[in-house]
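Have a go at each task before you read its solution.

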Amino acid sequence: MLDADYFRRWMTATAASVDREAQRLTELDSPIGDADHGKNMQRGFTAVVAALEKEAPDTPGAILMLAGRQLISTVGGASGPLYGTLLRRTGKALGDAAEVSEEQFADALRTGVDAVMTLGGAAPGDKTMIDALVPAVDALPDSFTAARAAAEEGAVATTPLLARKGRASYLGERSIGHQDPGATSSALMVAALVEAADE
Ligand code: ADP
Ligand code: MG
Ligand code: MG
């Protein structure tokens with residue numbers, strides 16, 4: 001079972017990993033974007049950690065909904081509303097249970113990923129965060145480490161793709177040959193699920 005502390009650790013581990021990798025995320029966002037993805041993610045997850053400390057929500061659902069609201073209100077870029085929707089909708093699907101099973105979490109995360117696809121209109125293969133998130137959800141609930149590997153592979157596999165959504169799509173064919181920054185940050189979020197379990 002996964003309790004509130006697990007989800008708190010997921011968010012703090014994501015924030016730490018985003019801090020460590022901020023420069024790389026921004027570098028990936030340079031050739032096919034506007035070189036702000038690292039900064040956007042740092043601003044968002046710093047606000048998430050601060051809000052979780054201040055408001056101390058005590059259920060998995062409330063933690064993820066608060067985190068999602070923070071991302072929506074603090075991140076100006078496309079990734080803010082998209083990641084915000086991911087966490088808010090995942091949290092909402094978890095309801096007010098004090099603990100959730102791995103199966104319940106996997107189902108809720110799929111609901112969240114579906115909401116991101118509805119909001120942003122991206123499908124797998126469009127060279128977005130969806131290319132890391134969908135393979136990760138497909139690997140759950142059996143193995144969080146398999147989900148981490150699937151998300152990382154999905155992020156790497158965006159390199160040869162033509163971007164069909166977001167800023168990178170303005171480049172057309174010139175978007176080919178670069179790894180998508182949002183798929184890369186999604187892989188960090190999924191890796192943080194494993195870190196949160198190890199702590
Ligand atoms: P912005 O492009 O507004 O500067 P960011 O740089 O923070 O925002 O985030 C860019 C990332 O957001 C992209 O790499 C991509 O993964 C993701 N993204 C952009 N548009 C969409 C969309 N419509 N659906 C899913 N993901 C998207
Ligand atoms: Mg950007
Ligand atoms: Mg931007």
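Helices (H or I, at least four residues) and strands (E, at least two) are DSSP runs, numbered from the N terminus. Residues are numbered from 1 along each chain as its sequence is written, while chains are lettered from A and ligands numbered from 1 in the order in which they are written. This is a predicted model: local features need pLDDT of at least 70, side-chain atom pairs count only at pLDDT 80 or more, and totals for chains, interfaces and linings use all residues.

**Exercise 1: the overall layout**

Work out how many helices and strands the protein has, and in what order they come.

*Solution.* Step two is to read from the N terminus, which gives β-α-α-α-α-β-α-α-α-α. Step three is to check the packing. The radius of gyration (taken over C-alpha atoms) goes up against the globule rule, 2.2 Å times the number of residues to the power 0.38. The protein comes out at 15 Å, close to the 16 Å that the rule gives for 199 residues, so it is as compact as a globular protein of that length. Along its principal axes, the C-alpha trace spans about 50 × 30 × 30 Å.

**Exercise 2: burial and contacts**

Find what percentage of the 199 residues is buried.

*Solution.* Start with the cut-offs: a residue is buried if 20 or more other C-beta atoms lie within 10 Å of its own, exposed if 12 or fewer, and partly exposed in between, with C-beta atoms placed from the backbone. By that test, 52% of the 199 residues are buried. Next come contacts, where two residues count if their C-beta atoms, placed from the backbone, lie within 7 Å. Among contacts with a separation of 6 or more, 64% join residues 24 or more positions apart.

**Exercise 3: the nonpolar core**

Which residues touch the most other members of the largest nonpolar core?

*Solution.* A nonpolar core is a set of buried Ala, Val, Leu, Ile, Met, Phe, Trp, Tyr and Cys residues joined through C-beta atoms within 7 Å. The largest one has 56 residues, and the ones you want are Ile63, Ala67, Ala132, Ala136 and Val190. Now see who contributes: helices 1 (4–28), 2, 3 (60–74), 4, 5 (102–120), 6 (130–139), 7 (144–156) and 8 each supply at least two residues of this core. Zoom in on Ala67: leaving aside neighbours within four places in sequence, Ala67 is in contact with Met11, Val48, Leu52 and Leu87. In soluble globular proteins, nonpolar side chains tend to be buried together.

**Exercise 4: the shell around ligand 1**

Which helix gives the most residues to the shell around ligand 1?

*Solution.* A residue is near a molecule if its C-beta atom, placed from the backbone, lies within 6 Å of it. That puts 23 residues around ligand 1, the closest being Gly77, Gly120, Thr128, Gly166 and Gly182. Helix 2 (37–55), helix 4 (79–94) and helix 8 (181–198) each supply at least two of the shell residues. Helix 8 gives the most, with 3 residues. To sort the shell by type, count Ala, Val, Leu, Ile, Met, Phe, Trp, Tyr, Cys and Pro as nonpolar, Asp, Glu, Lys and Arg as charged, and the others, Gly among them, as polar. You end up with 7 nonpolar, 10 polar and 6 charged residues.
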